[in-house]
Amino acid sequence: MTASPQHSQQYDAIIIGSGQAAGPLATALAEAKWKVALVEREHVGGTCINEGCTPTKTMIASGRVAYLARRATDYGVHTGAVTVDMETVRKRKREIVESFRSGSEKSITQADGVDLLMGEARFIGASSVAVALRDGGDALLTAGTICINTGARPAPLTIPGADTVTVLNSTTIMELDRVPEHLIVIGGGVIAAEFGQLFRRLGSRVTIVQRGTQLLAREDIDVAAAMLDIFREDGIEVLLDTNAVRVAAQPGGGIALTVKTPDGERTLTGSHLLAAMGRTPNTDRLGLDAAGVTQDKRGAIPVDERLRTNVPHIYALGDVNGGPAYTHVSYDDFRIMRTNLIEKGDATTKDRLIPSITFTDPQLGRVGMSEAEARKAGREIRVAKIPMNYVARALETDEPRGLMKAVVDAHTEQILGAAVLGIEGGEVMSMLQIAMLGKLPYTALRDGIFAHPALAESLNTLFSTFEE
């Protein structure tokens, strides 16, 4: 149900923010006969549905169609000139977002025992929350259990001149009605990679400015280098070890970005500027001090293995607690809370095997330890690696770019981690994750019979090819 404005209302649980942990948790608690208040400031569904996974991957699908259309002659198919209607791309994105959002909201509002309050929450005590309701007025809520699932937002660009130009972020760039002529991207992580390649495929000239010495800083050097090769092959200019110094508006429109490269200063001129340097937790307006909840220097809320803050009855779930910022992590946080609050279990975040996918094309699927992490941890390892042009299916589809890499414990033969940069890299990575969850030795995949010519059979080849 949707709550009417209340001056004071007692609940069993208050959930602030409606991210991917909050909705399922609210309905699960209600089914267990808890009385729940779910407070949302802007959109039900959190970042994933509204500004993250759903809209970006919808637009990336449009970019892939444009890419394949331009490559049609490689397959012996002849088409006309390829043009992109950005308004239609945006409309399709908006419709899918609205569908997902309305579905999430419906499941919450139809749950008996859940009050959805649209407004902004702030703590006024350790067990009390005031809500400035969107439709006017205030509500005062109290509960013995409070969960924070407010997510994060794009970090702002703070270089000189940033306040004098239009700086796009990962949300606002998806609302453009025209393809940028020249998009300059500051950052070299997942957001920069996905949007950089997307807009290149939609027809933009793209320049990526990365202050680090490689793209995707958390990846092994060889994996990052393979991604760099793909981007440069796609016509994306990538400037590594380069810092943005200042930005100014161009007299005729657009921006001029001054950067410091290893060879000195250089000025880049572009039509649009995207800031993609990470995200900031949404905690600054929660009034956490009033509840005695501590934050780290980034504004994230530290939690223990059971997702408790330093105030034991207040929990922080999803991106806001500073852990890996993935929807599937937020959803697993929900499962931990359900187990512990409803089933009286003892679920924790300890030893979670967390995968990730960078939705470039080809995808980069990652799970477990990288080679660098394993060596830093002092593990004795063997490294299996093959280029994707060793994979029959990749060759048959004319998508042989990238590589597959796995790290194996030299003694137990257990797979410690893997990176798959290749066609459907996320799906192939997930097969490796399942093997890791089942504690299969790598030999089970080396010797398993997989259907030919599926991508799965690449695992036979991968685990027959160890570096010496």
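## Helix packing and backbone exceptions

Thr-54, Pro-55, Thr-58, Met-59, Ala-61 and Ser-62 of helix α3 make contact with Met-86, Val-89, Arg-92, Lys-93, Ile-96, Val-97 and Phe-100 of helix α4. Sorted by class, this α3 and α4 contact holds eight nonpolar, three polar and two charged residues. The model is predicted.

**Helices α3 and α4**

- Helix α3 covers residues 53-70 and helix α4 covers residues 86-109.
- The two helices pack at about 145°, and their axes are 9 Å apart.
- The crossing of α3 past α4 is right-handed.

**Thr-56 in α3**

- Thr-56 belongs to helix α3.
- Its relative accessibility is 7%, so Thr-56 counts as buried, the cut-off being under 20%.
- A polar atom of the Thr-56 side chain lies 3.3 Å from the backbone oxygen of Cys-53.
- Beyond its neighbours within four places in sequence, Thr-56 is in contact with Glu-51, Met-174, Glu-194 and Phe-195.

**Helix α5**

- Helix α5 runs over residues 190-202, 13 residues in all.
- At 1.5 Å a residue, α5 should span 18 Å; its end C-alpha atoms are 18 Å apart, so the two values agree.
- The helix is mostly covered, with 10 of its 13 residues buried.
- Gly-203 follows α5 and has a positive phi, near 125°.

**Ile-336 in α8**

- Ile-336 sits in helix α8, which covers residues 327-342.
- At 3% relative accessibility, Ile-336 counts as buried.
- Leaving out neighbours within four places in sequence, the contacts of Ile-336 are Leu-307, Ala-347, Thr-348, Thr-349 and Arg-352.
- Ile-336 and Ile-357 are 21 residues apart in sequence, and their C-alpha atoms are 23 Å apart in space.

- Most residues other than glycine have a negative phi.
- Lys-344 has a positive phi, near 55°.
- Lys-344 lies in the loop between α8 and β16.
- With a relative accessible area of 66%, Lys-344 is exposed, because the cut-off is over 50%.
- Asp-398 is not a glycine either, yet its phi is positive, about 60°.
- Asp-398 is placed in the loop between α10 (392-396) and β19 (403-409).
- Its relative accessible area is 30%, so Asp-398 is partly exposed.

**Cis peptide bonds**

- Most peptide bonds are trans.
- The bond from Asp-361 to Pro-362 is cis, with omega near 10°.
- Pro-362 is in the loop between β16 (356-358) and β17 (363-368).
- His-452 and Pro-453 are also joined by a cis peptide bond, with omega about 0°.
- Pro-453 falls in the loop between α12 (442-447) and α13 (458-462).

Conventions. Residues numbered from 1 in each chain as written. Predicted model: local features only at pLDDT ≥ 70, side-chain atom pairs only at ≥ 80, totals over all residues. Heavy atoms only, no water. Helix = DSSP H or I, 4+ residues; strand = E, 2+ residues; numbered from the N terminus. Expected span 1.5 Å × (residues − 1). Buried < 20%, exposed > 50% of the residue type's maximum accessible area, 1.4 Å probe, protein only. Axes fitted to C-alpha atoms, helices over the stretch in contact; angles between N-to-C directions. Left-handed = near helix turned anticlockwise from the far one by under 90°. Contact = heavy atoms within 4.5 Å. Nonpolar A, V, L, I, M, F, W, Y, C, P; charged D, E, K, R; others polar. Polar contact = N/O pair within 3.5 Å; in protein donor to acceptor, adjacent residues only side chain to side chain.
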